[in-house]
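Please have the sequence and the model open while reading.

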Amino acid sequence: MLLLERGALGGGSTAKAAGGIRSSFTSRVNVELGLRGPAAYRTFSRDFGTEIDFRRDGYLYLVTDPADVPAFEPCAELQREYGVRSHLLDPGEAKKVLPLVETDGVRTAWAGLYEMTPDRNQIIGESVLLSRFFYATGFSGHGFQLGPATGELIRDLYLRRRPAVDIAELDVRRFETVDTAPAEHNIV
Ligand SMILES: Cc1cc2nc3c(=O)[nH]c(=O)nc-3n(C[C@H](O)[C@H](O)[C@H](O)COP(=O)(O)OP(=O)(O)OC[C@H]3O[C@@H](n4cnc5c(N)ncnc54)[C@H](O)[C@@H]3O)c2cc1C
């Protein structure tokens with residue numbers, strides 16, 4: 001295996017990630033890949049001997065545009081199919097979950113570059129032009145949590161095993177046509 005790195009290992013977006021881990025995505029493939037993250041991070045300190053302060057707090061999306069609400073309803077249903085405890089709340093219920101929800105007290109912010117693809121989905125696969133050249137990039141802001149699943153996928157592709165999750169729709173050739181799969185809606 002040949003690793004080319006122009007800077008320091010982990011010095012790219014990964015060093016800037018908030019470390020949020022979730023399965024609240026729009027597509028089946030992302031929900032399935034997302035679920036593999038917590039499984040790895042939960043036992044990370046034991047497996048790798050490094051404490052990562054893993055906590056299960058949950059995600060709360062605040063939808064401010066009523067036009068966005070219909071897009072969230074089928075997503076929550078899809079996520080529940082996979083056992084994710086995803087629910088739509090009205091503003092009053094959201095306030096009960098997180099009483100300090102106003103942003104008046106925001107004191108700081110951080111920034112970094114998101115590597116975006118046109119459909120806000122990652123690009124994972126093996127090149128058809130260059131044998132044994134694998135790519136896993138373009139995570140569009142959700143690549144930290146998909147790291148463990150991506151490692152498994154690349155391992156399986158390398159070993160010519162069928163990956164546990166069908167990732168055909170993540171192949172780079174999807175951009176060769178105009179009609180690509182629906183874009184991931186739930187990005188942060
Ligand atoms: C502010 C911020 C918050 C985020 N929060 C979250 C979050 O809560 N949860 C989540 O899942 N994701 C989050 N992300 C997204 C996540 O960090 C990225 O999707 C993920 O880290 C991408 O990993 P990567 O290995 O593809 O890229 P990187 O970590 O950027 O690694 C790419 C590497 O390639 C090297 N490189 C680039 N070009 C070349 C070249 N030509 N030759 C050699 N080496 C090269 C770079 O030096 C770099 O080390 C966040 C991102 C940002 C910026």
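Two residues are in contact if their C-beta atoms, placed from the backbone, lie within 7 Å. On that basis, residues 24 or more positions apart account for 61% of the contacts in the chain with a separation of 6 or more. The model is predicted: local features need pLDDT of at least 70, side-chain atom pairs count only at pLDDT 80 or more, and totals for chains, interfaces and linings use all residues. Numbering starts from 1 along each chain as its sequence is written.

**Overall fold**
- The chain holds 5 helices and 2 strands, where helices (H or I, at least four residues) and strands (E, at least two) are DSSP runs numbered from the N terminus.
- Read from the N terminus, the order of elements is α-α-α-α-β-β-α.
- The C-alpha trace spans about 55 × 45 × 30 Å along its principal axes.

**Helix α1 against helix α5**
- Helix α1 (residues 28–42) packs on helix α5 (residues 147–158) at about 105 degrees, the axes being 7 Å apart; axes are lines fitted to C-alpha atoms, for helices over the stretch in contact, and angles run from 0 to 180 degrees between N-to-C directions.
- α1 is therefore roughly perpendicular to α5 (angles of 65 to 115 degrees count as such).
- Leu33, Arg36, Gly37 and Ala40 of α1 meet Pro148, Ala149 and Glu152 of α5.

**Helix α3**
- The 13 residues of α3 (residues 69–81) should span 18 Å at 1.5 Å a residue, and the end C-alpha atoms are 19 Å apart, which agrees; the expected span is 1.5 Å times one less than the number of residues.
- Glycine 83 follows α3 and has a positive phi, near 85 degrees.

Conventions:
Angles under 35 degrees count as roughly parallel, over 145 as roughly antiparallel, 65 to 115 as roughly perpendicular and the rest as oblique.
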